[in-house]
Amino acid sequence: MSATAAKRPTALLATLAVATLLVEAAIVYIAVATPADVNLGIVQKIFYFHVGTAFAMLISLVAGAALSGLDLVSPSDRVDAAARACIEVGVVFGAMLLVSGPLWARKSWGMYWTWEPRLTLSLLVVLLAVSVLILRGLAGDSATGRRVGASLAVLAAPASALIHLAVKLWGGNHPSVLQGGGIQSAEMRIAFWMAVAGLLSFAATLVAVRFRSLRLQQRVDALELDLSALALRRAAKGDA
Amino acid sequence: MNRRLLTGAALALAICLSAFAAFAEAPAAQDLARYKEESIPGGLLALVAYMAMWALLAGFVGWTLLRQTKVEAALQALEDRIDGGAGR
């Protein structure tokens, strides 16, 4: 058996399975046990996962921003890989948020999108994270690209905090869920926290999986560099 | 490398600047009334939302597995190169 095959991430796969089960349990509970909203009807069931994806996006992007800041202060491949993993997962959950929100809004507000503060800031933060990933993808291993990407990623932290505070600061149509909006019964509360727990555990597992993959890529790159240097030294010795 | 870095920076800037669409006008009152009159079943919207969310998540998991397979293949190729070098 090769060394690669021997190092299968069993623990990670088990965590991914548990996270998937948590999410599936939440879906079943939402479908079977939660009542339809008195005002919005069945479309309100989007809300359970919409809010969970928002939490996962905000936590991932704030963690990515903090790690990027740390990487700017004291550069480390490990921290860089963790920051990239967080930002990638943040973008995925951001995309889920931006898809599910407008579908809920279509029924609730009568339109898919409106340029109100929380929505606009959410879009801005996701675009910022996408731009960091594009920049890093195109810049490769360049130290400048890494620093510019990290500087851009740091901006996601204050922007994410503003998303959370947007309704309080500037108003707008968006309901503020944690202040009581949207949850009308005990079943709804249970379903909400089940969905949040499932999605957060899924996000954490995905960050761990991507971190492992990025670290492996960094090691492969470093080994390739070492091998090339060794081949050059051998060739130079041969010439001498 | 600098050219790729500049392209990346330009793309990143363009994406960030696209947020200025936020200054676009709000929909006119008659458009809003028309939207509200159209009735899209809530169940359909919920179903589309759930399907889209899981498709995105499954897509990311699939892409991650693909990347992982590529890295493992690169690692295997490196192992072979090292074994080949040691044999000589």
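In what order do the elements of chain A run from the N terminus on? They go α-α-α-α-α-α-α-α. This is a predicted model, where local features need pLDDT of at least 70, side-chain atom pairs count only at pLDDT 80 or more, and totals for chains, interfaces and linings use all residues. Residues are numbered from 1 along each chain as its sequence is written, while chains are lettered from A and ligands numbered from 1 in the order in which they are written.

**Figure 1. Chain A, eight helices and zero strands.** Helices here are DSSP runs (H or I, at least four residues; strands are E, at least two), numbered from the N terminus. Of the 240 residues in chain A, 41% are buried. Buried has a set cut-off: 20 or more other C-beta atoms within 10 Å of the residue's own, with 12 or fewer for exposed, partly exposed in between, and the C-beta atoms placed from the backbone. Looking at contacts in chain A with a separation of 6 or more, 80% join residues 24 or more positions apart. Two residues are in contact if their C-beta atoms, placed from the backbone, lie within 7 Å.

**Figure 2. Helix 3 of chain A against helix 8 of chain A.** Helix 3 of chain A has 28 residues and reaches 41 Å from first C-alpha to last, close to the 40 Å expected at 1.5 Å a residue. That expected span is 1.5 Å times one less than the number of residues. With 21 of its 28 residues buried, helix 3 of chain A is largely enclosed by the rest of the structure. The axes of helix 3 (residues 46-73) of chain A and helix 8 (residues 186-239) of chain A come within 8 Å and cross at roughly 35°. Axes are lines fitted to C-alpha atoms, for helices over the stretch in contact, and the angles run from 0 to 180 degrees between N-to-C directions. Ala, Val, Leu, Ile, Met, Phe, Trp, Tyr, Cys and Pro count as nonpolar, Asp, Glu, Lys and Arg as charged, and the others, Gly among them, as polar.

**Figure 3. Helix 5 of chain A with helix 4 of chain A.** Helix 4 (residues 77-108) of chain A and helix 5 (residues 117-139) of chain A pack at about 140°, their axes 9 Å apart. The two are therefore oblique to each other; under 35 degrees would be roughly parallel, over 145 roughly antiparallel, 65 to 115 roughly perpendicular, and the rest is oblique. Their crossing is left-handed. Residues making the contact include Arg84(A), Glu88(A) and Gly94(A) of helix 4 of chain A, plus Leu119(A), Ser122(A) and Arg136(A) of helix 5 of chain A. The contact residues split into 13 nonpolar, four polar and three charged.

**Figure 4. Helix 5 of chain A with helix 6 of chain A.** Here the angle is about 175° and the axes are 9 Å apart, so helix 5 of chain A and helix 6 of chain A are roughly antiparallel. Among the contact residues are Leu128(A), Ser131(A) and Arg136(A) of helix 5 of chain A and Gly145(A), Val148(A) and Leu152(A) of helix 6 of chain A. The count is seven nonpolar, three polar and one charged. Buried residues of helix 6 of chain A include Gly145(A), Arg146(A) and Leu152(A).

**Figure 5. Chain B where it meets chain A.** Chain B has three helices and zero strands, and 12% of its 88 residues are buried. In all, 42 residues of chain B are in contact with 51 residues of chain A. Helix 3 of chain B gives the largest share of that side, 22 residues. The side of chain B that touches chain A has 28 nonpolar, eight polar and six charged residues.

**Figure 6. Val220(A), in helix 8 of chain A.** With 18 C-beta neighbours inside 10 Å, Val220(A) counts as partly exposed. Leaving aside neighbours within four places in sequence, Val220(A) is in contact with Val71(B), Ala74(B), Leu75(B) and Leu78(B).

Conventions: A crossing is left-handed if the near helix is turned anticlockwise from the far one by less than a right angle, and right-handed if clockwise.
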